[in-house]
Amino acid sequence: MAISLTERAAKRVAEFLGKRGKGVGLRLGVRTTGCSGLAYKLEYADTINPDDQLFESHGVKVIIDPKSLAYMDGTELDFAREGLNEGFKFNNPNVKDQCGCGESFNV
Amino acid sequence: MSLLQIAEPGDSTAPHEHRIAVGIDLGTTNSLVATVRNGIPVVLNDHEGHSLLPSMVRYLRDGRVQVGFPAQAQLARDPRNTVVSVKRFMGRGLKDVAHIENCPYDFVDQPGILKIRTAAGVKSPVEASAEILRVLRARAEEALIGKSGGALAGAVVTVPAYFDEAQREATRDAARLAGLNVLRLLNEPTAAAIAYGLDNAAEGIYAVYDLGGGTFDISILRLSRGVFEVMATNGDAALGGDDFDQRLFCALAERRGLSMLSPEDTRSLLTKSREAKELLTSQTEVCITARLAAGEAVELTVTQEDFWDLTRNLVAKTLAPTRKALRDAHLDVSDVKGVVMVGGATRMPHVQQAVGGLFRQTPLNNLDPDKVVALGAAIQANVLAGNRHAGEDWLLLDVIPLSLGIETMGGLVERVLPRNSTIPTARAQEFTTFRDGQTAMSIHVVQGERELVSDCRSLARFELRGIPPMAAGAARIRVTFQVDADGLLSVAAREASTGVESAVTVKPSYGLDDGQIAQMLKDSIEHAQEDVRLRALQEQRVEGERMIEATESALRDDADLLAAEELAAIRAAIEALRRLVGGDDHRQIKAQVDRLNRITEPFAGRRMDRIIKGALTGRNVAALGQ
């Protein structure tokens, strides 16, 4: 079971956490919502819950609850630029189909 | 596949629900767009990595429009069709704009509104500003939405604190024309305070010194527990970095004996002057070289010291309003915890020195002075778009720029809400009737700092009717002034015994521009002494008239109580008073009022006896005892 960040994603997360001035790491997760059933959660983490799973990738702590991990095992978080736009992208091997925009998905 | 941003803990929005909002600093010289991305406010750059968009719009013959750097590149060659510093023209008429003779444009003056005749037709400042906003909107949509589709939820656009209704309305129109949903217009200094206040979470009194391209604003703010209260604002709507360029340009023209310059040469030399000014921030000496259209070469070496001397009085011009704002806030420089520097012109070392000297501290400048307003606007936009948890929103308090009051007898102003009262606010004051049996009262709402109504601005008039007939001075009329968070004034009058009410709602800033506000404030200082004398005169006149009226009314009823010579003496005293009331010596009026009072004293005594007797007549002792 593992979750990872690409090197450039980790670099940006570390940079944002520094600018934000607080936070222990990055929290990933899934929620049941959206047009294809599930949606990603991508948040700063200020606290770690007892049942959270912890991973470390390029020096950044990645925190995920065990239920979400079932849907996201093997996921790699990347940071990408498309023209002037920039942001994070989930590469999740469990996804069977997703909505056009990629904000929600199905497993 | 859309690109995701990191949210605050617990703040992840459902797919497609994150509302993208931007903050826009629509500046005189440069404009910027910023947003909050991954929880951090950032300025959005164009493809070349520029964050600043020069606020320049060039209209071409074929109807095409160039905005920003392409327009700037053609500025020297096509000055008549390249609109710069358009912000100075927003909501203004020709006569309102300083140094208009140096503008190379073909102006079309319509009453109160100025337009520019360009190769692509007659354009209004609103249209030109909309072109700038359109470019920023496109940049934001590309950067924030990309290929995933959708639209901006809205924008917060900043305006100088001194902008009047017409200028704000013009800015709002420009944003609408550019297809933006305006969430709010935000005062620039307040935006800067948001950027600093929230980033540094520092509480206390702050001064925001904003010397932009064309406007100077000083604001005194109090930051406490996330609440920003504007305690006072002041400034000069026609002073900015452009004026420093102008000074250098004038020195250049004078020292090199240049006159009758073509618009192209003027524009090119102004550009050279601006470049030299920017270089003199870090260099001690700079050489200006230019070639005029006729082929003549112009060269001038300017030292930093030389430039500082040329522009020292411009810097001094910013310090007077700064001191005034402090006085208005009842604060001393020692109360100010920090000074926030905003605007590219604050990079000039002599500006930093002068401001530091006045406040006896080094000004805060750890945020880029060109970006701080846009960053604050982005933070505000993010809040207004709803991307923040409940309980974290904050209030933005503002002040009324000029005192509000009502007209009392003799054309005097009774101030109800003093200038710089923070809004929302409400205050009530009691007034009474002037004449016996007066059943209506006309309430005239005025704005200004002077003692006489004729020197203030009239905002509204309304009447309170149905006051029960009573002796003069017996009615109690409570007049309440209320200014809501949007600056809307409502005035209500209520008679205490019957509860009859009447009210009116007005926009206090209606039709008053910053020039008028500044002039009114200036007048109030210059005429303070004269006003005191005029006020005394008016008061004595009112007193004199009241005395004449009361005495004549008593004579009508009870002249038979007087001996012929007594009656003659009173009549003569009344006539003397009537003559003096028409004059302008308040001391003489007062003396005569006192005299009339003295000689009518026995008469008043006899009348009192008669009234008491009349009241007793026809009643028996038993009824009196009840």
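Helices, as counted here, are DSSP runs of H or I with at least four residues, and strands are DSSP runs of E with at least two. On this basis, chain A of the predicted model has two helices and nine strands. Read along the sequence, these elements of chain A follow the pattern β-α-β-β-β-β-α-β-β-β-β. Of the 107 residues in chain A, 35% are buried. Among the contacts within chain A that link residues at least 6 apart in sequence, 55% join residues at least 24 apart.

One sheet of chain A is open and is formed by three strands in the order E1-E6-E7, with mixed pairing. The edges of this sheet are taken by strand E1 (4-5) and strand E7 (85-91) of chain A, each of which pairs on one side only. Strand E6 (residues 76-82) of chain A runs antiparallel to E7(A), and seven bridges join the two. Within this pairing, Leu77(A) has Phe90(A) of E7(A) as its bridge partner. Helix H1 (residues 7-20) of chain A lies across E1, E6 and E7 of chain A, and its direction makes an angle of about 85 degrees with E6(A).

In chain B, an open sheet is likewise built from three strands, here in the order E8-E9-E10 and with antiparallel pairing. Strand E8 (106-110) and strand E10 (121-123) of chain B stand at the edges; because each has a single partner strand, one side of each is left without a neighbour in the sheet. Neighbouring strands of this sheet are turned against each other by 35 degrees on average, when direction is ignored. E8(B) and E9(B) run antiparallel and are joined by five bridges, and in this pairing Val108(B) has Lys115(B) of E9(B) as its bridge partner. E9(B) and E10(B) form a hairpin, in which two residues lie between the strands.

The helical packing of chain B can be described from H7(B), for which two partners are considered. Helix H5 (residues 241-255) of chain B packs with H7(B) at an angle of about 130 degrees, the axes being 10 Å apart. The crossing of H5(B) and H7(B) is right-handed. In this contact, Asp243(B), Phe244(B), Arg247(B), Leu248(B) and Ala251(B) of H5(B) meet Phe307(B), Leu310(B), Thr311(B) and Leu314(B) of H7(B). The residues of the contact comprise six nonpolar, one polar and two charged.

Helix H7 (residues 304-328) of chain B and helix H8 (residues 349-359) of chain B pack at an angle of about 35 degrees, with their axes 10 Å apart. The crossing of H7(B) and H8(B) is right-handed. Here H7(B) contributes Trp308(B), Val315(B), Leu319(B) and Thr322(B), while H8(B) contributes His350(B), Val351(B), Ala354(B) and Leu358(B). The residues of the contact of H7(B) with H8(B) divide into six nonpolar and two polar, with no charged residue.

Leu280(B) is located in the loop between helix H6 (263-279) and strand E16 (285-291) of chain B. Leu280(B) has 24 other C-beta atoms within 10 Å and is therefore buried, the cut-off for this class being 20 or more. When neighbours within four places in sequence are left aside, Leu280(B) is in contact with Val286(B), Gln304(B) and Phe307(B); Phe307(B) is also one of the H7(B) residues that meet H5(B). The C-alpha atoms of Leu280(B) and Trp308(B) are separated by 9.4 Å, although the two residues are 28 residues apart along the chain. Trp308(B), in turn, is among the residues of H7(B) that make the contact with H8(B).

Notes. Residues are numbered from 1 along each chain as its sequence is written. Chains are lettered from A and ligands numbered from 1 in the order in which they are written. This is a predicted model: local features need pLDDT of at least 70, side-chain atom pairs count only at pLDDT 80 or more; totals for chains, interfaces and linings use all residues. Axes are lines fitted to C-alpha atoms, for helices over the stretch in contact, and angles run from 0 to 180 degrees between N-to-C directions. A crossing is left-handed if the near helix is turned anticlockwise from the far one by less than a right angle, and right-handed if clockwise. Two residues are in contact if their C-beta atoms, placed from the backbone, lie within 7 Å. Ala, Val, Leu, Ile, Met, Phe, Trp, Tyr, Cys and Pro count as nonpolar, Asp, Glu, Lys and Arg as charged, and the others, Gly among them, as polar. Two strands pair if DSSP finds at least two bridges between them. A residue is buried if 20 or more other C-beta atoms lie within 10 Å of its own, exposed if 12 or fewer, and partly exposed in between; C-beta atoms are placed from the backbone.
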